[in-house]
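Thanks for making time this morning.

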Amino acid sequence: MFDSQEVPVPDRVEAWRDVTARTLIPNEFTIDRAAEFRASLRAATLGEAQMTALTYASMASRRTPRLIRRSDPEMYAVGLILRGRQVIVQDRSEAPLGAGDLVVYSTSHPYTAVVEAGQDTAASVVVQVPRAMVPVSSNRVDGILAARMPGHEGVGGLLAHFLTHVATDTASYRPADGQRLGGVLVDLITAWLAHHLDAEDQTPAETRRHMQFLKIQDFIRRHLGDAELSPDTVAAAHHVSLRTLHRLFHAHAHGATVSSYIRHQRLTMARRDLADPRLAARPVRAIAARWGFTRPADFTRAFRTAYRTTPIDYRRASRPADPGAHR
C-alpha cells in the first residue's frame, strides 16, 4: 500500500516512481505540478496475476525502449478506468479512455500514457498477467493493443465487474483464495481478448466452460429478486440442460449446488440490507421479498440456519444505537 499523503512533499514523485517500479513496471514520469502531486496505490497478488488499484493526479508516463531492454517481464497489462480521462499510445494505436473503458497493452512494447485529472485525481485498476498464461496468439493480441474497449456489457462487463469488486473488497483472503481468484481472472481476460479477436473457438474448452459458469453466476445475481428463479429457469435462460448446469456448478462452484448458491446470494444481500441504516424503516418482510423470499417464515428459518440468529435480532445487533429502527 502507498499513500502520497504519508510522504514529505519534496519526496512524493520519487516515492511514486519507486513504488510503481516495484509493484508494476519501471516507467519514466512527467509531472508538471510536483509540489501538488497526489497518488495512492494498493496492490495484491492473485496467483500469477498482479492487481493494482491506483489513484493519481495529472501526469504522463512512458515505457521506453531503454527500460524494456533493461528488464521485461513479458506481461499483458489490462486497465479499467474508474475516473478521469486518459490516453494510451502503443504501436501506432491511440486509445482515448474514460470511466468504464478497458484497454490492454504490453510491457514488451514502448508506450505512452497521459492522464488528465484536472484538480481531482484519476483512478484505475491495472492487472498484469504473464503473456505465456494467456492462450491466445500474441501476434493477434498485438493487433488490439491500445484499443478502447467498453466495459459496460457482455464479456467486458463481466471483467470490469470482477476487477471493481476485487479491487474494492476489504475482506481478507487466504492464499488459496488468491490462487483461485487469479485463475478466474486469467480465464476472464482470455475470454475477453478472444471475444474482441472473434476467436472464441481458439479458446481452450475449459476456459469456455468457466466463462459460461461466470455468466450464469452473473445472471443469478441480477435476478435474485425473481421469486421464480430456480435451477430450471437458470438452465432455460442459458439454453443448457439441467444436467449440464449441475455439472458446471460441480466443476466450478467449490461444493455449492445451484440451489444453495441462489439461497446464499439471496441471504447475503438480505443481510446487507438489514444492516443498512438507510433501510431502517423498511420492514423485514419487505427486505426478504426484495431478494426472492416470498414467505417470511421461510426467510427467517433460512437466515437462522445460515447465521445462527433471526433477521430481527441481526438488525438490532447491527444498529444498537438506532432505537428508532422499525423492526
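Start at S108. S108 sits in the loop between β9 (101-106) and β10 (111-116). Helices here are DSSP runs of H or I with at least four residues, strands are runs of E with at least two, and both are numbered from the N terminus. Is S108 buried or exposed? S108 counts as buried, because its relative accessibility is 19%. The cut-offs are these: buried is under 20% relative accessible area, exposed is over 50%, and partly exposed lies in between, with a 1.4 Å probe and protein chains only.

Before we go on, a word on the source. This is a predicted model, so local features need pLDDT of at least 70, side-chain atom pairs count only at pLDDT 80 or more, and totals for chains, interfaces and linings use all residues. Residues are numbered from 1 along each chain as its sequence is written, and side-chain values use heavy atoms, with hydrogens and water left out.

Back to S108. What does its side chain touch? A polar contact of 2.6 Å joins the side chains of S108 and D72. A polar contact is a pair of N or O atoms within 3.5 Å; within protein, one must be able to donate a hydrogen and the other to accept it, and residues adjacent in sequence count only if both atoms are side-chain atoms. Set aside the neighbours within four places in sequence, and S108 is in contact with I68, D72, E74 and R131. Contact means heavy atoms within 4.5 Å.

Two of those names come up again. R131 and E74 form a salt bridge through their side chains, 3.7 Å from N to O. This pair links distant parts of the chain. R131 is in the loop between β11 (122-130) and α3 (138-141), E74 is in the loop between α2 (65-70) and β6 (75-83), and the two are 57 residues apart. By salt bridge I mean a side-chain nitrogen of Lys or Arg within 4 Å of a carboxyl oxygen of Asp or Glu. R131 is partly exposed, at a relative accessible area of 25%. E74 is partly exposed too, at 42%.

How many salt bridges are there in the whole structure? The search finds 13. Here are some others.

Look at R222 and D218. Their side chains meet in a salt bridge of 3.0 Å, N to O. Both lie in helix α6 (residues 205-222), and they are about one helical turn apart because 4 residues separate them. R222 is exposed, at 56% relative accessible area. D218 counts as buried, at 18%.

Next, D298 and R295. That salt bridge is 3.6 Å, N to O. D298 counts as partly exposed at 27% relative accessibility, and R295 counts as exposed at 52%. There is also a network of salt bridges, which links R272, D273 and R290.

Now T310. Find T310 in the loop between α11 (296-307) and α12 (311-318). A polar atom of the T310 side chain lies 3.1 Å from the backbone nitrogen of D313. Beyond its neighbours within four places in sequence, T310 is in contact with F303 and R304. T310 and A297 are 13 residues apart in sequence, and their C-alpha atoms are 11 Å apart in space.

Two backbone points next. Most residues other than glycine have a negative phi. R92 is not a glycine, yet its phi is positive, about 65°. R92 lies in the loop between β7 (85-90) and β8 (93-97) and is exposed, at 89% relative accessible area. H239 is not a glycine either, and its phi is about 55°, again positive. H239 lies in the loop between α7 (231-237) and α8 (242-252). H239 is exposed, at 76%.

Last, the whole chain. The chain has 12 helices and 12 strands. Its C-alpha trace spans about 65 × 50 × 30 Å along the principal axes. What share of the 327 residues counts as buried? The figure is 48%. Take the contacts with a separation of 6 or more: residues 24 or more positions apart account for 70% of them.

That's the tour. Questions, please.
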